[in-house]
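Work through the exercises below with the sequence and the structure at hand. Each task is followed by a solution in steps.

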Amino acid sequence: MAQRFDKPPPAKGGLLTRISFLLGSAGLLVAMSADAIAVLGRHVGFTFLGAIEIVQASVVLAASAAMVGATLSGAHARVHILIERLGTLWHRRMDQGADLISCLFFLFLAAGSAWVAADLWAGFEVTEILGLPLRWLRLVWIGSCLLIAGLFLWRALTQPTEPGHDA
């Protein structure tokens with residue numbers, strides 16, 4: 001079935017989808033505002049120090065929320081050229097396998113990020129100009145990776161693998 005792009009995707013996940021949407025929107029709004037003020041400042045003659053740091057911190061929120069939202073709505077990229085030719089049973093099994101591999105991928109991302117965070121936790125790592133602490137942004141990213149891994153695992157375990165059991 002081809003995906004339609006003329007309508008927004010159906011709302012899945014309820015409250016978690018709304019929270020993800022709001023956090024991502026806030027991150028993008030803050031990034032856009034900081035960058036717009038910095039550009040305007042260059043044209044009018046004042047400097048907005050730390051605008052890049054604000055944008056970078058906002059991108060962590062926006063990207064984390066976007067990945068959670070994509071997982072909730074089932075919008076991650078998948079190659080269907082081979083799977084479409086399989087029967088229903090094997091199609092579902094391949095989808096389930098892809099969900100399990102995706103779960104492992106995000107668990108590895110979380111583990112690697114946690115390792116880096118643990119190594120740098122006592123270092124009080126902050127940005128150069130504004131002194132924004134990076135440890136909390138790392139925790140947001142790690143939490144997002146763990147949430148995404150959990151969502152993939154839940155989808156893999158609750159997806160029916162037998163034909164005739166439509167989800």
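The model used here is a predicted one.

**Exercise 1. Overall make-up**

Task: state how many helices and strands the protein chain has, and how many of its residues, in percent, count as buried.

Solution. 
- Step 1. The chain holds four helices and zero strands.
- Step 2. Read along the sequence, this gives the pattern α-α-α-α.
- Step 3. The protein chain has 167 residues, of which 25% count as buried.
- Step 4. Take the contacts between residues at least 6 apart in sequence: 72% of them join residues at least 24 apart.

**Exercise 2. Helix 2 and helix 4**

Task: decide whether helix 2 and helix 4 are roughly parallel or roughly antiparallel, and describe their contact.

Solution. 
- Step 1. The axis of helix 2 (residues 51–73) comes within 10 Å of the axis of helix 4, and the two cross at roughly 5°.
- Step 2. Helix 2 and helix 4 are therefore roughly parallel to each other.
- Step 3. On the side of helix 2, the contact includes A57, V60, L61, S64 and M67; on the side of helix 4, it includes L137, V140, W141, S144 and R155.
- Step 4. By class, the residues of this contact are 13 nonpolar, three polar and one charged.

**Exercise 3. Helix 1 and helix 2**

Solution. 
- Step 1. Helix 1 (residues 15–44) and helix 2 have axes that come within 8 Å and cross at roughly 155°.
- Step 2. Among the residues of helix 1 in the contact are L16, G24, G27, A31 and D35; helix 2 supplies, among others, A51, I54, S58, A65 and G69.
- Step 3. The contact of helix 1 with helix 2 divides into 15 nonpolar, six polar and one charged residue.

**Exercise 4. Helix 3 and helix 4**

Task: treat helix 3 and helix 4 in the same way, from axes to residue classes.

Solution. 
- Step 1. The axes of helix 3 (residues 88–120) and helix 4 (residues 134–158) come within 8 Å, crossing at roughly 160°.
- Step 2. This angle makes helix 3 roughly antiparallel to helix 4.
- Step 3. Helix 3 passes helix 4 in a left-handed crossing.
- Step 4. Their contact is made of 19 nonpolar, three polar and three charged residues.

**Exercise 5. Salt bridges**

Task: find how many salt bridges the whole structure has, and say where the partners lie and whether they are buried or partly exposed.

Solution. 
- Step 1. A search of the whole structure gives two salt bridges.
- Step 2. One joins the side chains of R155 and D99, at 2.9 Å from N to O. R155 is in helix 4 and D99 in helix 3, 56 residues apart, and the pair links distant parts of the chain.
- Step 3. R155 counts as partly exposed, at 22% relative accessibility, whereas D99 counts as buried, at 1%. The cut-off for buried is under 20%.
- Step 4. The side chains of E125 and R138 also form a salt bridge, at 2.7 Å from N to O. E125 lies in the loop between helix 3 and helix 4 and R138 in helix 4, so this pair ties together parts 13 residues apart in sequence.
- Step 5. E125 is partly exposed, with a relative accessible area of 29%, and R138 is partly exposed at 23% relative accessibility.

Methods
Residues numbered from 1 in each chain as written. Predicted model: local features only at pLDDT ≥ 70, side-chain atom pairs only at ≥ 80, totals over all residues. Heavy atoms only, no water. Axes fitted to C-alpha atoms, helices over the stretch in contact; angles between N-to-C directions. Parallel < 35°, antiparallel > 145°, perpendicular 65-115°, else oblique. Left-handed = near helix turned anticlockwise from the far one by under 90°. Nonpolar A, V, L, I, M, F, W, Y, C, P; charged D, E, K, R; others polar. Salt bridge = Lys/Arg side-chain N within 4 Å of Asp/Glu carboxyl O. Buried < 20%, exposed > 50% of the residue type's maximum accessible area, 1.4 Å probe, protein only. Contact = heavy atoms within 4.5 Å.
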